[in-house]
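I set down what I looked up, entry by entry.

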Amino acid sequence: MTEALVQLEGVGVRFGRITVLRDVDLRVAAGEGVGIVGPNGSGKSTLLRVLATLLQPTDGHGTVLGAPLGKDTPPAVRRRISLIGHQPALYGELTLEENLGFVARLLGRSHDDVVKTLSKVGLGGALDRRADHSSHGMQRRVEFARVLMTRPDLLLLDEAHAGLDRHAAALVEATVATVKRRGGSVILVSHEPDRMLPLVERIYEIVDGTTVEGVPEP
Amino acid sequence: MKKTLSILAPLAVVGVVIGFTFAMTAPIDAYQGIFQKTMYVHVPSAWLAYISFAVTLIASIGYLAKKDLRWDRIAASSAEMGVFFTGLALMTGMIWGRPVWGTFWDWGDARLVLTALMFIVYLGYLALRRSIAEPTTRARRSAVFGIVAFVQIPLVHFSVSWWRTLHQQATVLRPETLTGAADAPIDPLMLRALMVNLLAFTLVYATFMVARVWIAKLEDEREERHALENIEIAGAAISAPDFDGGFDD
Amino acid sequence: MTAAEFWRQVFEIARKDLKVEGRAGEVLSITVPFGAVALLLLPMAIGTEKTMLAKIGPGMFFGVTLLFGMLVAFRQSASDTQAQRELLTLLGIDPAATFVGRSFASALLLLVFEVILAPLTVILYNPPLVDGWPWMLLIILLVALGLAFVGTLAGAVTAGVRTRSTLAPLLVAPLSVPLLISSSQVYEGLRLGRSIIPWIVLLLAMNLALAVVGVATAKPLEETSR
């Protein structure tokens, strides 16, 4: 097996009295896609936030892109992680172009890159559209443009297919394939495994707050 | 903590009894009469208010450095004590001010104004704590505010006292000469009574602090035990919808 | 991180905040009129005697700036959603740069608030023009910056809290007392020919203290640490 980009051992997350995750073991190799399934509220998104170094676990330990969890993650490591969550990380008052432009300047990318990438995801005709006047699918496409621009080594997708049309779904697949081909890892979270099956090598199911490997019973 | 408490609590009670006796047997002030006796409560309260908030500051820094909730419990408990003592200082100050200055509130007394501001700042601190449910978020944010608040106190102090010195009114009795400032002459018996009360109040603070921190610790431990013994898995709270072919019954 | 990179992040955050606010328009269309109405209402409560209004005018201006202007720092466009906060974290933005950038943006907007309300105060209250009045421009700037710092800090500790709209002002108001007293006392000092240096030093000290605390606590305040 190749080098593991993500490794969790006995990871648990508690919020006061509530245990969201316990004893989670997870290992994702470079170039590998892994799916995580589970019903609503089972802790999938929490696990994704732990993997994104946005939430430090209460128990256990692990590494993400070589950086140990539970300590402050260096910004250089965080820049190699992309997360697309439930809520779009966009500024409603800014146009789609300005939204990506903000990210581009912080990453030191040119404005040409912004226009080119937005065209790639099929938004070349909507550059001046305000994000809050754009549909959910369009906002999602901007987020995928951001991923393409970031060129992450770890891509985390939370219900990536939700509410997307055929073209956008193809965009998800192409993005996942690109990250894997470049030697990165992709972790997809969904409550419906069907659409992500073609994108992943392995599937974990969250049962009783912990991960069980294997394709779940339908 | 139980052991510390069993020593501190009786000491505090004895201290308060002795302090009260000394205060009552100290000579009666020639100008202010019996009202001067509020000083034996007022000065120790004001002193402990500052001590409390300084402890909150140190514990706040401690929390941010160590990320250990023990520090947060100390910061919170001390802020509660601080608000209590600030309130007591304000009340005794006003009760004393009414007969001596002829008014409950005198804008001429910078310290009174400053005490009122501190009271509100730390009421805000406690309100902030009440507004955040998640323990680590609460600890982190109130620690930051605990630091900001204390850093501002000297600046608020300077601004208020400079402002008041510019508006010095020609009153016969300046508060500075009445409340036992170092430059004012004070009867040795009065000074002794004041010192005994300072010590007694400090013991009361220490007792309540140990008790409060202990209670907070027990509460946290109960939560922790509860979480570990009856594991409430977040996902387990959600089950399949219960319907039989439809929701009409 | 190099200093150049830090300041570039500061600039980008401030630019983004200002652009969002430019579109949302909360400050110009809501907060400024709210402050104006305060200046208009207060004489109705305390009387319209001309010499008294002239005397209290500058103080009223700074009081209104503190109590109403602070709402500039709590405007919607100065608070991020969780997704936006997480994006900034993953982009490797220094939380201290976010604090400084956001404070600068708020300070600029507060300056706009003050620059609009100052002439209105002059019209409504007619305070005497004192010698050395250009000093007041510096004071207005320092008040805007100080209020922006303390407002950004209070905004950060109350982010996402349900009672935020009242809690944040409660936290800010008593801590802003040095701003209120120094600014009105500089005017008094100029009017009476007294030294204004101590007050300016106090304002600078407050700005410095808040900047240092804000930068130092930005990292531990980040939600991701535990």
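This is a predicted model: local features need pLDDT of at least 70, side-chain atom pairs count only at pLDDT 80 or more; totals for chains, interfaces and linings use all residues.

The entries go from one chain to the interfaces and end with a single residue.

**Entry 1. Chain B overall.** I began with the make-up of chain B and found 7 helices and 1 strand. Read from the N terminus, the order of its elements is α-α-α-α-α-α-α-β. Chain B has 249 residues, of which 47% count as buried. I also looked up the sequence range of its contacts: among those with a separation of 6 or more, 80% join residues 24 or more positions apart.

**Entry 2. The sheet.** I then asked in what order the strands of the open sheet lie. The sheet has 5 strands, ordered β5(A)-β4(A)-β1(A)-β2(A)-β1(B), and the pairing is mixed. I recorded the edges next: β5 (67-68) of chain A and β1 (232-233) of chain B each have a single partner strand, so each has one side without a neighbour in the sheet. Within the sheet I followed one pair, β1 (residues 4-15) and β2 (residues 18-29) of chain A, which run antiparallel over 8 bridges. As a point of reference on that pair, I noted that A:Val11 stands opposite A:Val24 in β2(A). I then looked for what covers these strands. Helix α1 (residues 44-51) of chain A lies across β1, β2 and β4 (59-64) of chain A, and its direction makes an angle of about 125 degrees with β1(A).

**Entry 3. Chain C against chain B.** For this interface I found 32 residues from chain C and 31 residues from chain B in the contact. The buried area is about 2900 Å², with carbon and sulfur atoms giving 75%. I searched for salt bridges between chain C and chain B and the count was 0. Polar contacts between them came to 4 residue pairs. On the side of chain C that touches chain B, α6 (135-157), α7 (164-175), α8 (177-192) and α9 (197-221) each supply at least two residues. Of the elements there, α9(C) gives the most, with 11 residues.

**Entry 4. Chain C against chain A.** Here 29 residues of chain C are in contact with 34 residues of chain A. The buried area is about 2900 Å², and carbon and sulfur atoms give 57% of that area. How many salt bridges link chain C and chain A? I counted 6 salt bridges. I examined one pair, A:Arg105 and C:Glu12, whose side chains meet at 2.8 Å, N to O. The interface also has 10 residue pairs in polar contact. From chain C, α1 (3-24) and α4 (82-90) each supply at least two residues to the side that touches chain A. The largest share, 11 residues, comes from α1(C).

**Entry 5. A:Gln139.** Last, I looked up one residue of helix α5 (residues 136-150) of chain A, namely A:Gln139. Is A:Gln139 buried or exposed? Its relative accessibility is 15%, and because the cut-off for buried is under 20%, A:Gln139 counts as buried. I then traced its side chain, which reaches the backbone oxygen of A:Ala131 at 2.8 Å. The side chain of A:Gln139 also reaches the backbone oxygen of A:Ser134, at 3.4 Å. Beyond its neighbours within four places in sequence, A:Gln139 is in contact with residues including A:Pro88, A:Leu90 and A:Asp132.

Note on methods: Residues are numbered from 1 along each chain as its sequence is written. Chains are lettered from A and ligands numbered from 1 in the order in which they are written. Side-chain values use heavy atoms; hydrogens and water are left out. Helices (H or I, at least four residues) and strands (E, at least two) are DSSP runs, numbered from the N terminus. Buried means under 20% relative accessible area, exposed over 50%, partly exposed in between (1.4 Å probe, protein chains only). A polar contact is a pair of N or O atoms within 3.5 Å; within protein, one must be able to donate a hydrogen and the other to accept it, and residues adjacent in sequence count only if both atoms are side-chain atoms. Contact means heavy atoms within 4.5 Å. Two strands pair if DSSP finds at least two bridges between them. Axes are lines fitted to C-alpha atoms, for helices over the stretch in contact, and angles run from 0 to 180 degrees between N-to-C directions. Buried area is the accessible area (1.4 Å probe) that two parts lose on being put together, summed over both. A salt bridge is a side-chain nitrogen of Lys or Arg within 4 Å of a carboxyl oxygen of Asp or Glu.
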